[in-house]
Each structure stands twice: as structure tokens, then as C-alpha cells.
Amino acid sequence: MSVESLFPRLEPVLPLVSKPIQYVGGELNASLKDWDSVAVRWALMYPDAYEVGLPNQGVQILYEILNERDWILAERTYAVFPDMEKVMREHDIPQFTVDAHRPVKAFDVLGVSFSTELGYTNLLTALDLAGVALHAVDRADDDPIVLVGGHASFNPEPIADFIDAAVLGDGEEIVLAISDIVREFREEGSPGGRLELLRRLVSTGGIYVPRFYDVDYDADGRIDAIVPNDAAAPDRVAKHTLMNLDEWPYPKNPLVPLAETVHERFSVEIFRGCTRGCRFCQAGMITRPVRERSLQSIGRMVEGGLEKSGLDEVGLLSLSSADHSEIGELATQLADRYEGTNTSLSLPSTRVDAFNISLANEFSRNGRRSGLTFAPEGGSERLRKVINKMVSEEDLIRTVAAAYSHGWRQVKLYFMCGLPTETDEDVLQIGELAKKVIDTGREVSGRKDIRCTVSIGGFVPKPHTPFQWAAQLDHESTDARLRKLRESVQSDKKYGRAIGFRYHDGKPGIVEGLLSRGDRRVGRVIEAVWRDGGRFDGWSEHFSYERWEAKSAEALAEFGVDLDWFTTRERGPEEILPWDHLDSGLDKDWLWEDWQDALDPDPVEVEDCRWTPCFDCGVCPSMDTDIQIGPTGKTLLPLSVV
């Protein structure tokens, strides 16, 4: 049965809202399919505004993979701004897709990709606008399966009440497997209804269905046990790991937005995973092992993406792009190919010890010479050892000296505040390091117009990392340390104008900490915050710490726990963590040992296992995977200049 477009009802109200273009659709390379010609229909959501969500590569990849199958239809939906939500409620317009403006409630699956936990309230808005029951247990057989993925899905317990299922890890293959299960279920006449479909999903062993697991708590508030309550549910749910990225060269047809977005470039993922072993980094831990794309595959993706999008910047992305085993050859050959054109190449933030001037010059050959970004993360050498960020002060000074002497005038340094064992002195060392960077730049360049921007984020302990047991620094202490740092730099007129600071206060980090390491009881807080008007919590102009603090106190009181219990409390080795039944491949004992190594008076550093013997983190044997890296010795094809 066909589903009508909501656009005739939507179009008249668009003049009433800000940025109406984000709700119109019609982007270059978007896919439109006949509703009745397919067997399975997906609505893919990035739970943030269009300008943030459209460039998200994960959603674009799944959108394309699903629509390549003639029996699957996939459309996109994004969070609507509060003014649009108000208009939609007043005119009875449900949550819609931007492709064909179909109601989200009509789809078989609503797939939501969470890069950050601060989008949880936006999910509730979308469900409510769609007319889908907030709580999974209240949904009817014809409601879509609400499925979440992305990095935040490695602990989906805070939103367990609101979702039907979660997928851990890479999505390319599992979305097709899910589609097969849904198609077969529908063809059989949907026997057993919604519950049977969920049972079929969980029986795969790689799809988590919260309703099939019970959580019991001790009197002190800690978890006593997490056990399956259905024979189809496994004791642990495993993540998905895509091997041989060259077989999945997506996106081939990048979406070109009609409105301005946060990234105006064609992004190519040159490898996936990271084994540097930074103890704070969830992304590096949960995406192991490293899997590289070949130069030929990257070359074809760049060529095809530019041709089909008309974009003039290519971002070569990964968690540590300069660590690609053939990054030098890749940079040179891409620069050769696009020399004399409008195409520019860019790398994200670069490790100090992976940077070299030759590489930087290649990436700036056809574009503007922009600022360089490095991430020492910790202000003192001792703290960098704690977090296993093996970058010495000498490394940093040598690197910035090379950059400033070769014409760069601006360097950005990224740090974190609130890391385990951190003291005020560690944070003040950030300022001393920035001063040395300025001194070095002035000396080697002979110029006074040298700049250094210091960007500081609050540390949030994340699941599946060695720091998952750590106590989070309270927001008052975070703010006090940052004030001392700013005053120590700005009081010195020699550096005051040369060093810029960018940081947020510590309050958003506390809420992120609650949502990152929370259990199912936190769902009460999320719902209470949402009902009180909480929306777009990742946006400073919408975020209210006072609201989260008040609702946490109200919603958690009956359980004998509070906001501090979930955030500033250190966990012990025997405690059952809310995500222990979700298998990222990392051995929990190995993570604990690495946590103890960090706390050692002389912190133990761990090398990158790409180039050293295995450290037994557990991923490769438990996931039946292995590291896939070059060098291949091959060249980028074709070699002719475009």
C-alpha cells in the first residue's frame, strides 16, 4: 500500500521556520524509489540538525548500500529544530524523511546513528513526532523497529527503554543481514508479530535486543547481574568487523547538500581502526584492528567522488590518517594528479610523531596553507605517559619548528582537562608548552605574527577503554583549573595575544559522563529532561545543566544513586559494568591491567601493535580478525594528471 508524501502539508509552513531549506530534500545523488516496488524500507536518522547530519559518512554509506539493492528502500531523516517541532505539532505533521517526505512511522526500520550520547533527547523528539511509542514495550506490530548504531551503541543501556535493538561495530554487512531477516519475516506473513521478529534478530548473536535481558541491582546500587530472559538471546552480543575495506568503496555517490553544512568536502576513509593504544580513546579501542584501503582503491574513490559531487576538497579521514603505511606516496601521487586544479587535499588532526614537512607540503600544494592541528592531549610529559600518548616535549617543539620555518604561521594544539591523576600543575604546563611553541616559531621564522590556539576539551571516561573505571573530575574543579591556566598565560603580555584559548565549561562533560557510563536507570533521567523541554543538548545555546541536574536528582532518588554516583565515582575491578554483556573484542582483564599500568608511579607505555609483537588485547582472536596494512608497493592509478 502506497504511502503519500507529506510535502503538500509541509510546504505551506516552511516560511514560518528558520533555515527551511534543510527540510526540502532534493540533493544531488539522493535516491528516490517507488514505495510499492520494494520489500524492506529503512528510515536512516542522524539525531542532529541537517547541517550536522548530512555530512555524516556512516549514514551516507548505509544509505547508498541499502539503496543499491532493488528490493530495499532507504530514506533519511534528521532532528528538527525547536521552531519546526512547534510548527509540526500545531499542524499535525509527523516526523518525515527529507527524500520523499514520507512519515517515519510507515517504515520497517528506523536506524539511528549515535556519534555522541548528547543526541538522546533528539531521538525521543523524533519518536514522539512520528507517533511511535517512546517505550519499546508499548509499540504495536506495525511500528518500525528502532535500531541504533554508532560509537554510543557500545553502551546503549541508558536508552534501552526506548530502542528495540542495537548493533555494535561496522554496519555495512549487518544492515543487509537485518534486511534479509525482515523480508523473510514479512513474506511469511509476520508470524508471532513484533516479538518474533526481535527474537529472530537477537538469535543471530550480533544484534542486541534489550528487552531480552534482565538487569538486577545490589542494595548499594551496583549491578548484581545481567542475564538473558529468552532462549534466543546469547549471553554476550558481539560487534561486527568489516574486513577488506577495498570491497566496500563507499560512498561512491556522495550527497551534495542544498544548505550549508559543517563540512563542505568529499571524505574518503583511508583506513579503519587504530592501535596506538591511547587509554582515553574509545574510538581507537572499539574499532580495532587496523584495516587499510589500498592506494588504488583510495584513488578510485577520490576520482569518482569528485566527479559525482563537484566538491573541490578531499578529506582523507581515519583516526590517525598520517599512520597509513603509504601516506607519503598517497599524498604525493594525489597532489600530482590534481596539480593545477581547484582540488585541495586535507588531513584531520595529525599526530606530532607522524608529521613531516614533506607530507604537509604535498597536502597544501593545490590548496591554501591552513593552520596545522596537533593533539598532545596532556600538558605534562608525565600525564602523556599516563594516557599512553607517547609524544615528548622535544617531539612537539621539533615539529612546530619545522612547520614555522617552512611558512606556517598558525598551529592549533588540542588538550584534555580532567584526565586521571591530573593535578593543577599538569594543566598549567599546557600554558608553558604553548609559550615554548610561540618562542620557537618566532625564533625560526624571524617573525612576530606567530599564533598558537589552545583548544581544551573535558575528559569523559568511556566504556571499553582502560579508563572505564576512572572517576570523572567534577565540573567545579575543571572550571577552576581552566581559569588558572588562562590567567597564567594572559598575565604575561609577551604571549597574551599570541595564544588563543577555546574551551567549554565542565558541565556538559558531566552530562555526557552520565550518559556514557549510565545503566538503564538513566533512561528515567533522559525522559524527564526531554519532557521538561530538553533538546539539542550538544548545542551550547540549548543545553541546560540545571535541568539535567534537577531531573537526575528526581529520577534517581528511588534507586539510591545520583549524578555523582555515575560520574565522579571510581569503579572497582569486581564491579559489573552496564556494558559487560556487549563484546567489543577487548579482554576486560587486559583493559584492567592497562588501567593499572596508567596508575603506576612510572606509567607503563604500550607500543603500537602494528609494528610490535601482540599485546593480547583480545580483539583479533575473539573476533576472528587480523591487522590489514601495507605497504603494497603499488601506485595510484591512473597516474596521468587530471
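**Stop one: a hidden serine**

Select Ser179 to begin: its relative accessibility is 0%, so Ser179 counts as buried (buried means under 20% relative accessible area, exposed over 50%, partly exposed in between, with a 1.4 Å probe and protein chains only). Before going on, note that this is a predicted model, where local features need pLDDT of at least 70 and side-chain atom pairs count only at pLDDT 80 or more, while totals for chains, interfaces and linings use all residues. Residues are numbered from 1 along each chain as its sequence is written, and side-chain values use heavy atoms, with hydrogens and water left out.

Which residues is Ser179 in contact with, leaving aside neighbours within four places in sequence? Show Val40, Trp42, Leu66, Trp71 and Ile72; contact here means heavy atoms within 4.5 Å. Ser179 itself is found in helix α6 (helices are DSSP runs of H or I, at least four residues, and strands are runs of E, at least two, numbered from the N terminus).

**Stop two: the five-stranded sheet**

Now colour the open sheet with strand order β2-β1-β3-β4-β5, where the pairing is parallel; two strands pair if DSSP finds at least two bridges between them. At the edges are β2 (72-78) and β5 (165-166), each with a single partner strand, so one side of each has no neighbour in the sheet. Bring back helix α6, residues 174-187: it packs on this sheet and touches β1, β2, β3 and β4 (145-149), with its direction at about 140° to that of β1 (axes are lines fitted to C-alpha atoms, for helices over the stretch in contact, and angles run from 0 to 180 degrees between N-to-C directions).

Zoom in on β1 (residues 40-46) and β3 (residues 109-113), which run parallel and are joined by four bridges. Trp42 has Val109 in β3 as its bridge partner.

Finally, pick β12 (residues 313-317), which runs parallel to β9 (residues 266-269). Glu269 stands opposite Leu317 in β12.
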